[in-house]
Structure formats: C-alpha cells, structure tokens
Amino acid sequence: MTLTLIGVNHRTAPVELRERLSISKGSEADVLRPLCSNGGIRGSAVISTCNRVEIVVSSESDNIIEPVVELLAERAGREPESIEKHLYVLRHRDAIRHMFRVASGLDSMVIGEPQIGGQVRDSYQIAKNLDTLDSTLYALYEQTLHVAKRVRTETGIGEHAVSIPFAAVELAKKIFGELSGLRALLVGAGEMGELTAEHLKGNGLDSIVVANRAFDKAVELAGRFGGTAAAFDTVGEQLAQADIVIVSTAAPNYTVTAEQVSAAMNERRRGDIFLIDLSVPRNIDPAIADIEGAYLYNIDDLSEVAEANKAKRLEKAGQADRIIEKEVDAFLKRLATQDAVPTIVELQRRLEDIRQAELEKCLRRMGPVTAEQRQAIEALTTGIINKVAHYPIIRLRESASAPHEGETIRETIRKIFGLR
Amino acid sequence: MTTVSPNLALYLSIAIYAIAAGLVFLSLLTRRETLQRFATAAVMGGFVTHTIWIGTICSTTHHPPLTNLPEAASFLAWLLVVVELGLLFRYKVQAAAFFVYPLVVILLATAAIVSEPFAPPTPEQSSKIFIGHLLLTLIGIAALLIGLAFGALYQMQDRAMKAKKRGALYDWIPNLRVLDLVSYRSMVLGFAVYSAGILAGVLYAYNRHGALTSFSAKELGALVAWVAFAAILQSHLSGTFRTKKTAGVALVAFLAIVVSIFGIDRG
C-alpha cells in the first residue's frame, strides 16, 4: 500500500487559491467519498485549515494523482494545469514525514503553534466518521498524533510565546506563577491592550478593572471580561490594588507616573507589580523601572521577547526533525510488516489446506488407526508444513523493511505457492 | 582509637555528587535539559551512598554524626541534599542545584580530607544540651543555606527581568513568587532553629565553663552569621531584600557560617 499526499499551503499558494480550494466543515464527504469510489484508492482524508489544504490517500498503485488534482481543480473552478504549479505531491516516506511535521507544528507559519495538532485530530475524526480510512491511513493518523505529542513533550517547542500578548502572559507567569487570584488594571481601550487582557484572563486571571476616558467604553469592555469599570481619573488609586497594569491609550503624555507607582508600592508593602506599556508614544513613565518590585515592559521589550522565543523555537525544530526522522523509519517498518501479514496468513492457510486434504486421503487408504497413531501422523504432517513455510515466512518478514524488495518477494512467494 | 578512614561509601558519594555537579554545569553550557535529569538521578544515587556513610558513622561511634568537623560536615551535606531533593520534587527548581551540589561536594571533600579521628563523646559531650545544640545548629544552617541559595536565585532573576536580559539560568529558574516563598520560609525556619541551637550552645558553655562565650573563631562566626541572617530576615519583612546591600549581607552570612563550620572541634 502506498501513501500519497497532495496539497497546497501558505508557502506554495496565494490566499486566493487556498480559499477556493478550502474544504469547509461538513463538506468533507463531497471530496472524500468520490475519491474512495475510485478503484485504485483504498482510503482518503483531508486536512483543511486557513494555511493548508491537503489530501492524503492510500492506494495500491501510484497512479492516483490525476483524479485528485482534477477533483481539487473542479472545486476551485480552475483548470487542473493552472493549479498544478502550486501543488506538492509527496510519496510514501515524504508523505509520512510531512504528516508528522504538520501535526507537530513544524510546517506552520508560526513554528510550534499548537492549534494544528487539534486540526489534524479533527481531520482524523471526520474521515473516521465518514468511513474513508483504510487500515494504512488509520495507522498513519494514530502514529501522527503520537509523534506530535512526543515532539511537543520532548522538545517543548510550543512553550515559548511568540506573540506580544502571549509574551506578556509568559512574563506575568515568570513573576507571579499562577495568575489566579491576581487583579489587572486595563487603562485605555487600545486593540493590543484588549487582546493582552483577553489572554491574561484566558490564563486564569481573576479580575480586571477597566479605566478609560470614555466611561461607556470602559463599561462595555469590563462587561466583556467580567470585570468592573473605573473612572479614568482613579487610575492612581487603582494601582495599589493591581498586580498587572496594561496601558494602551493614545495619550501624548504619561498616564501612569513614577510617583503614582511609588505611592502604590508603599501602600501595598509587599508584592510585585507588572506594568505593560503598549502605547506609542509611551504612556508609562520609564523611571518606574527603577522602583523595587516594579517590572516595566513596553511594546518593544515584548517584541524582543517574542523574537527571542521565535529563535528558540527554530532551535527546537531541529531537535524535533531528528525525532521525526526516527519515527518515520519506525513507521515505514511497521507498514511494511503490515503489508507482509496477508501473504504470511494466506501461505499458512494454503499449506494447512494441503495438509488436511492429503491427511484425509492417507487416512482413508490406511483404514482404522488408533488415537495415538492419528496424533502421531498429525504431528508429523504439521511439522513438515511448518518446516516448509519457515524460510519463506522469515524472508517475508525480513524484506518487509525494504518496500521494493518486499513487494518482489511477496509476489514471488504468491506465484510459487499459487496464492491469490 | 578508631580513626575516620573515609570509607568506600564516602568516596563514592563524593564522586557521584561531583558527577552530578559536573552535569548541571554542563547542562548550562550545552543548554540540554536532559543532563539535569541525569544529574538528579546521580544525586539520588549519591544520597543512598551518603546515607550509608552517615549510618556507618552512627553505628561505629554510637552517637549522632555531630562531634567533629568530618561528621558535622557530612551530616550538614546530607541535610542539604534532603532539603534540595524535597524542593526539587515540590517546586521543580533545578536551578538551586547550581549552588547546592558544589557545596555538598565541598563539605564531603572536607570530611574526607580532614579525616579527624572519630571523637567518642566525652561525658560532657554526651549531655543532651550539647547534642541538642549541635543538631539544632546544623539543621538551622542547612535551612539557612537553602534560603540563601533561593535568595541568590531571586536576585539573579529579578535583575534579569528588570534588565530585560535573560541570564543563563532564566528558563530554569521558577517564578519570583516561588523563589521568594521558599527563600523566606527557609530563612524563618532556619533562623528559629539556628537561634535555638546557639542558645543551647550558650547554656552548655555556661554550665561547663561558667562563661557564656570563649570568643573562639567558631563562636564569633556563629554570632556574625546570626546577626547577618537577622538582617536578611528583616529585609524580607520590610520588602528591601532585592537590594545589593542584602546581597552583600548574604555573602557575609555565608562566609561567617563557613568560619563557624570549620571551627567545629577546633576551639
């Protein structure tokens, strides 16, 4: 059985083509069922995300690219020739490696992003529900999910934040540990500020107070985060209760001053404060960085953290690729052994049929025999067929790891023993 | 008189702990976390042989391993490993190993090099106050040293976060709140136990010699360390423990502790 993967991704095709080719949730059957009705294709599955559309098929022959390309072109409303230059076709080993890399987030636009793992799992579930997976694709998906988990656990590739809001969350955790029980103060209604507050909330932050010049907007935002709104001129007072302060306003001067933070720190006695300035021009007085227990990060600082983490993820990607290469070898071996199993079973059955037929003939000719004599003849004949089958079975198993040689040996043995 | 011949268990412990210390420093150079896991496994192995060594002292001398420098150093190292492993499993703080493992190696190497004769307890040393003094002081010192190690990690991480430059240990040091908590609790516990130990020592000296102190290096070291640790604790309470001044006081406390340990049984 051969695996083939045909698709486009963010590197090979523009978004206009990707959106035309994309397979929306619920319409997978329109692609997978026609493919499986093609004689040569034994199983198929599709991964469709905003960055990629890929179809993976399991077939007996290599000659299945054309129907897949035609189907994709038809869905995109284009001629097959016009989409071919954007497509990649990966065979067997390359297809397996690609699946492992995709699920591990190594082929993603942001290396190590975790969402793709869930998307691959969804694609498996959909194909399983539509009953379009054969045993090879089943095994491929199971192994893909296992490898993705292993890569994430062993390399920690997804651990470092690569976006500004996530970098802020990562730093907050480095200061406070768990975010539960903490209180944040969001000053202003800038988009990045909202996003950061949303990420902090998603990571366990307990309460958010929103202060904005337009109080209506503060109330609206606070409602979204399940927090409370505060008047803009109470920011100074709010600082004493806040553990995390996010400032994102368009004000031309400092909204949070060093004096305010010093006073707040004195009032608190203990406990650190993490200030995030997402405004340009800056809205938090840089002198605050000198106050003990106050950690101030502006948008450039957070960008630097995100960039440094990207470099770290690239480093981890090399480690991940080494794990994947070993997993590909192991999986190929397993697949090849799986290919040899039907021949081995059929060979054993054929020899057993011969033994049974010959034994019946022999016993008829011999006339009545005692139970012990029958047992001895049974043991003798079973021993003979086991000896005959021994070397062919060993060869079938040994050659399983070499796909082409394995196929030749399987074919030869089938011919010699008259197997179907 | 039986002599303390550093037996196989002691040499093995030193070798295994030294390997563990080497592995954690190698992990710093290669940035491979796996090496730290090997180091933890090595320390657990070293702890087994170390415990055998401590047991050997107890079974040979029929008293707790406290009466001279090799014994006290071995016991202090053993306590440090117990606390370090406990904290490692509780908080997953691998970074403290960079301070603790070398210290353990130095203490055990001292025990092997000094190789003083076993000190069968004299009648006065068999007194409960004396044993209590030694035991409490050593337990207190172990907790205070752990507090110092976590305090040092806190200072490193605080500076890295303030300067927005990640130090070599940045990824391996836990959050500031855990460091503060462990450092503060170790200090409070250590200081209380250490104070009780010193008090027991003063009582013992008064009963024995009719004077509160003999102004030996050991006693002066212990006194300076006590004052320094009190100052560090006060800085924790007042929220000024991040300052360079506190770092300096911590260094003084550490050196004073070293003096008091090396003064054991030497006046």
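**Reading a buried strand and a chain interface**

Author: Strand β1 (residues 2-9) of chain A is largely enclosed by the rest of the structure, because eight of its eight residues are buried, where buried means under 20% relative accessible area, exposed over 50% and partly exposed in between (1.4 Å probe, protein chains only). Strands (E, at least two residues) and helices (H or I, at least four) are DSSP runs, numbered from the N terminus. This is a predicted model, in which local features need pLDDT of at least 70 and side-chain atom pairs count only at pLDDT 80 or more, whereas totals for chains, interfaces and linings use all residues. Residues are numbered from 1 along each chain as its sequence is written, chains are lettered from A and ligands numbered from 1 in the order in which they are written, and side-chain values use heavy atoms, leaving out hydrogens and water.

Reader: Which residues point one way from β1(A), and which the other way?

Author: In a regular strand the side chains alternate between the two faces of the sheet. Here Thr2(A), Thr4(A), Ile6(A) and Val8(A) point one way, while Leu3(A), Leu5(A), Gly7(A) and Asn9(A) point the other way, and all are buried.

Reader: How many bridges join β1(A) to strand β3 of chain A?

Author: Two strands pair if DSSP finds at least two bridges between them. Eight bridges join β1(A) to the antiparallel β3 (residues 52-59), with Ile6(A) opposite Ile55(A).

Reader: Which side chains meet in a salt bridge between chain B and chain A?

Author: A salt bridge is a side-chain nitrogen of Lys or Arg within 4 Å of a carboxyl oxygen of Asp or Glu. The rule finds one across this interface, between Lys164(B) and Asp301(A) (3.2 Å, N to O).
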